[in-house]
Amino acid sequence: MALSLLAAEPGMVFIPGGEFLRGRSHPLPDDGLKWQPTLLKDDRPAKRIHVDPFYLDEHEVTNEAYLRFLEATGRERPFHWLDGELPAGGEKHPVVNVNWFEATAYCESLGKRLPTEAEWERAARGMAEGAKFPWGEEEPDKGVQAHFNVLDGPRPVCRFPRNTFGLCDMAGNVWEWCFDRYDRLYYERSPGKNPRGPDEGMYRMLRGGSWADVAKYLTCAYRSYARPREQSPNIGFRCARSFPPSR
């Protein structure tokens with residue numbers, strides 16, 4: 001395939017299509033308990049699904065990129081920006097306190113979209129089939145693989161090693177909005193090709209864990225969710241684009 005067809009734009013990474021093992025294949029301590037119903041079941045069963053090729057931003061959308069969008073559209077600035085000004089020294093930090101609708105509008109302004117939950121997990125896993133974390137099975141150390149379990153907020157993007165697809169911060173820093181609605185039992189009945197989540201639901205999906213979370217929330221399979229109008233200091237996003245690009 002010609003390289004020109006694989007290039008979406010600077011700052012995006014081509015994610016090849018194909019099958020991968022989606023869902024949690026590693027055990028949890030509670031799995032041996034005889035709880036009824038089974039706890040923490042929403043990332044099971046693990047099964048092979050197919051996603052078409054797509055592009056994904058190499059890192060979370062930064063404050064400086066989001067500011068350009070706000071200046072072009074006149075939209076309201078994040079409430080924690082004092083006097084509407086981007087925090088000094090925060091240009092390369094991921095933008096936070098942006099809800100699902102605002103994140104969607106940003107992506108659409110660039111001819112992009114939010115990734116589906118399946119696309120996000122495909123991208124996070126890289127070439128590590130069934131691995132627990134984007135880098136493999138090794139439990140993370142602070143300041144080595146990811147930014148997590150701290151009290152002082154996110155850090156500039158791409159300060160940690162990229163995964164095998166060349167993506168930054170697929171674990172930690174900030175949670176990332178995905179397109180899908182949430183359903184606790186969705187994995188039991190989802191289609192095997194390009195799942196896009198249930199048609200109805202109160203919540204939208206979040207993936208990847210954040211600066212405020214412990215390691216168990218940083219796994220490739222962990223699913224979280226929030227109301228789409230939620231604005232949080234530990235929620236950001238990155239954009240996807242379908243392949244081939246529409247423009």
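Setting aside neighbours within four places in sequence, K193 touches H50 and D52, a contact being heavy atoms within 4.5 Å. The model is a predicted one, in which local features need pLDDT of at least 70 and side-chain atom pairs count only at pLDDT 80 or more, while totals for chains, interfaces and linings use all residues. Residues are numbered from 1 along each chain as its sequence is written, and side-chain values use heavy atoms, with hydrogens and water left out.

K193 itself sits in the loop between α5 (186-189) and β6 (204-207). Helices (H or I, at least four residues) and strands (E, at least two) are DSSP runs, numbered from the N terminus. With a relative accessible area of 51%, K193 is exposed; the cut-offs are under 20% for buried and over 50% for exposed, with partly exposed in between (1.4 Å probe, protein chains only). From K193 to A212 there are 19 residues in sequence and 33 Å in space, C-alpha to C-alpha.

D183 belongs to another loop, the one between β5 (175-181) and α5. Is D183 buried or exposed? It counts as buried, because its relative accessibility is 18%. Its side chain is joined to that of R189 by a polar contact of 2.4 Å. Such a contact is a pair of N or O atoms within 3.5 Å; within protein, one must be able to donate a hydrogen and the other to accept it, and residues adjacent in sequence count only if both atoms are side-chain atoms. Leaving out neighbours within four places in sequence, D183 is in contact with R189, P198 and R223.

Next comes the sheet. It is open, with three strands in the order β1-β4-β9 and antiparallel pairing. Its edge strands are β1 (12-15) and β9 (240-242), each of which pairs on one side only. On average, neighbouring strands are turned by 25 degrees against each other, direction ignored. Strands count as paired if DSSP finds at least two bridges between them. Four bridges link β1 and β4, whereas three join β4 (residues 54-57) to β9. F54 is the bridge partner of I15 and also stands opposite S242 in β9. Y55, in turn, stands opposite R241 in β9.

What covers β4 is a matter of both faces: F54 and L56 on one side, and Y55 and D57 on the other, are all buried. Helix α4 (residues 117-125) lies across β1, β4 and β9, and runs at about 75 degrees to β4. Axes here are lines fitted to C-alpha atoms, for helices over the stretch in contact, and angles run from 0 to 180 degrees between N-to-C directions.

As for the helix pair, the axes of α2 (residues 63-73) and α3 (residues 100-109) come within 11 Å and cross at roughly 80 degrees. That makes α2 roughly perpendicular to α3, given that angles under 35 degrees count as roughly parallel, over 145 as roughly antiparallel, 65 to 115 as roughly perpendicular and the rest as oblique. A65, Y66 and F69 in α2 meet E102, A105, Y106 and S109 in α3. The contact residues divide into five nonpolar, one polar and one charged; Ala, Val, Leu, Ile, Met, Phe, Trp, Tyr, Cys and Pro count as nonpolar, Asp, Glu, Lys and Arg as charged, and the others, Gly among them, as polar. In α2, N63, A65, Y66, L67, F69 and L70 are buried, and the buried residues of this helix pack against α3. Just after α2, G74 takes a positive phi of about 75 degrees.
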